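Visitor: I have a model open here. Can you walk me through a few spots in it?
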Amino acid sequence: MLKLPELPDCFYQNQPSLICPSSPTPKHSLYLSNLDDQKFLRFSIKYLYLFKKSISLDILKYSLSNVLVHYYPLAGRLRASTEVDQKLEIDCNGEGAVFAEAFMDITAEEFLELSKKPNKSWRKLMYKVEAQSFLDIPPLVVQVTNLRCGGMILCTAINHCVCDGIGTSQFLHAWAQITAKPNLDLAIAPLHTRHGLKPRNPSEITFTHPEYVRNTPRENGHLDIDINHYLQSQPLVPSSLTFTTSHIIHLKRQCVPSLKCTAFEALASHTWRSWVRALDLSPSLNVKLLFSVNVRKRLIPEIQQGYYGNGFVLGCAQTSARDLVASNMCYGVKLVQQAKSSLTDDYVRSMIDLLEDKSVKTDLSMSLVISQWSKLGLEDVDFGEGKPLHMGPLSSDIYCLFLPVIGDFEAVRVQVSVPESVHEKFEYYMKECLGKEANGFC
């Protein structure tokens with residue numbers, strides 16, 4: 001198996017501490033919407049930031065305690081609802097966020113050399129909370145690792161049931177602002193309530209929602225093909241390819257003049273098609289692309305600025321493997337565009353109503369999932385000593401991430417883990433249609 005360079009061990013001088021809000025905060029239960037507490041989102045979003053210069057640990061702890069006054073649910077604890085079966089809520093009890101401090105004998109430049117592809121040794125950079133279940137892990141866990149050169153790596157684990165990508169970016173910018181400019185008011189005041197996303201009574205499920213499937217017992221002798229289970233059973237290798245502005249323009253040109261498309265639509269379609277080709281799936285299989293779409297401004301009324309809960313849903317493009325592979329770029333782009341345009345207020349409200357049924361789950365069986373981290377401002381977080389040299393996930397998974405590229409707002413780094421046996425084929429297909437533009441691929 002492809003061997004990736006390992007990081008040295010972290011040295012912890014002190015036990016992790018709990019950082020509580022610096023002043024009293026409301027004590028209550030916070031309702032989580034059906035978009036928040038989906039089983040698909042019961043994990044922590046783990047970010048890794050590399051900074052050239054470190055910030056004093058005392059200053060970071062102090063500013064974290066101050067920002068938690070504003071984002072006090074992140075200092076609480078998740079728990080099962082006492083009123084609704086299989087529903088989660090936040091106990092806003094001010095118990096605090098976990099803060100770990102460590103040292104690693106490596107320089108920022110050395111880490112930057114390794115940063116093109118994450119590997120399992122990166123997990124050393126995030127303190128592992130010993131917990132019996134997902135609910136026992138605090139919604140916010142932070143580790144600051146100081147480096148030999150005077151730089152630092154900041155890792156955060158933020159519970160996805162509490163925040164989506166936009167929400168995590170909003171929180172991190174608020175923490176950074178309070179660290180660097182403590183006398184300024186927050187640029188965006190957080191909006192905690194999630195009641196605008198409550199299901200209707202009675203429910204009105206007026207669409208079919210191919211993003212989801214009911215978790216019903218299978219008929220005897222009926223075997224479902226499940227790509228997700230297959231991928232999880234294979235030795236996986238991370239693929240990480242940077243598409244520059246010129247690469248993306250080249251992709252989009254394959255659709256003009258017949259079709260105008262965004263960079264996301266072109267790159268998502270291209271990645272989906274390359275993934276299906278590399279896996280060499282049966283032509284008759286129905287394959288899906290699930291991708292995150294921010295619906296804050298699609299709802300009526302719109303969700304107000306400052307909302308940091310889950311304000312995204314999964315768009316779903318689907319077709320046969322045969323048609324996706326045999327067709328040109330425009331075919332996949334049209335499917336992505338149709339999936340996006342279907343996400344009206346009525347559609348999203350119907351989806352929220354559907355999720356009242358706890359036997360409903362995200363259909364991952366034949367799906368590539370793409371989550372967009374680019375264009376969220378995650379790479380612009382500045383605690384006072386400059387923007388990060390690197391920003392990305394702590395690990396790579398079978399879920400595909402579109403990541404920001406430091407210093408190039410329009411560029412996108414596509415990261416996904418694929419079976420080792422198809423890794424080279426996948427990267428070949430990702431580069432193939434770019435022709436001469438593929439030169440200089442990272």
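**A helix residue, then strands**

Guide: Glu427 is found in helix 10, residues 423–432. Bear in mind that this is a predicted model.

Visitor: Is Glu427 buried or exposed, and why?

Guide: Glu427 counts as buried because its relative accessibility is 13%, and the cut-off for buried is under 20%.

Visitor: What does Glu427 touch?

Guide: Leaving out residues up to four places away in sequence, Glu427 touches Lys117, Ser239, Ser240 and Leu241.

Visitor: New topic. How many residues of strand 8 are buried?

Guide: Seven of the eight, so to speak of residues 140–147, strand 8 is mostly covered.

Visitor: Which way does strand 8 pair with strand 7, and which with strand 9?

Guide: With strand 7, residues 97–104, the pairing is parallel, over seven bridges. Met104 stands opposite Leu147 of strand 8 there. With strand 9, residues 152–159, the pairing is antiparallel, over seven bridges. Thr145 has Ile153 in strand 9 as its bridge partner.

Visitor: What sits between strand 8 and strand 9 in the hairpin?

Guide: Four residues lie between the strands, and Gly150 in this hairpin takes a positive phi near 100°.

Visitor: Now helix 6. Why call it largely enclosed?

Guide: Because 14 of the 17 residues of helix 6 are buried, the rest of the structure largely encloses it.

Visitor: What span should helix 6 have?

Guide: Helix 6, residues 263–279, should span 24 Å at 1.5 Å a residue. Its end C-alpha atoms are 24 Å apart, which agrees.

Visitor: And what comes just after helix 6?

Guide: Asp280, with a positive phi of about 55°.

Conventions
Residues numbered from 1 in each chain as written. Predicted model: local features only at pLDDT ≥ 70, side-chain atom pairs only at ≥ 80, totals over all residues. Heavy atoms only, no water. Buried < 20%, exposed > 50% of the residue type's maximum accessible area, 1.4 Å probe, protein only. Helix = DSSP H or I, 4+ residues; strand = E, 2+ residues; numbered from the N terminus. Pairing = 2+ DSSP bridges. Contact = heavy atoms within 4.5 Å. Expected span 1.5 Å × (residues − 1).
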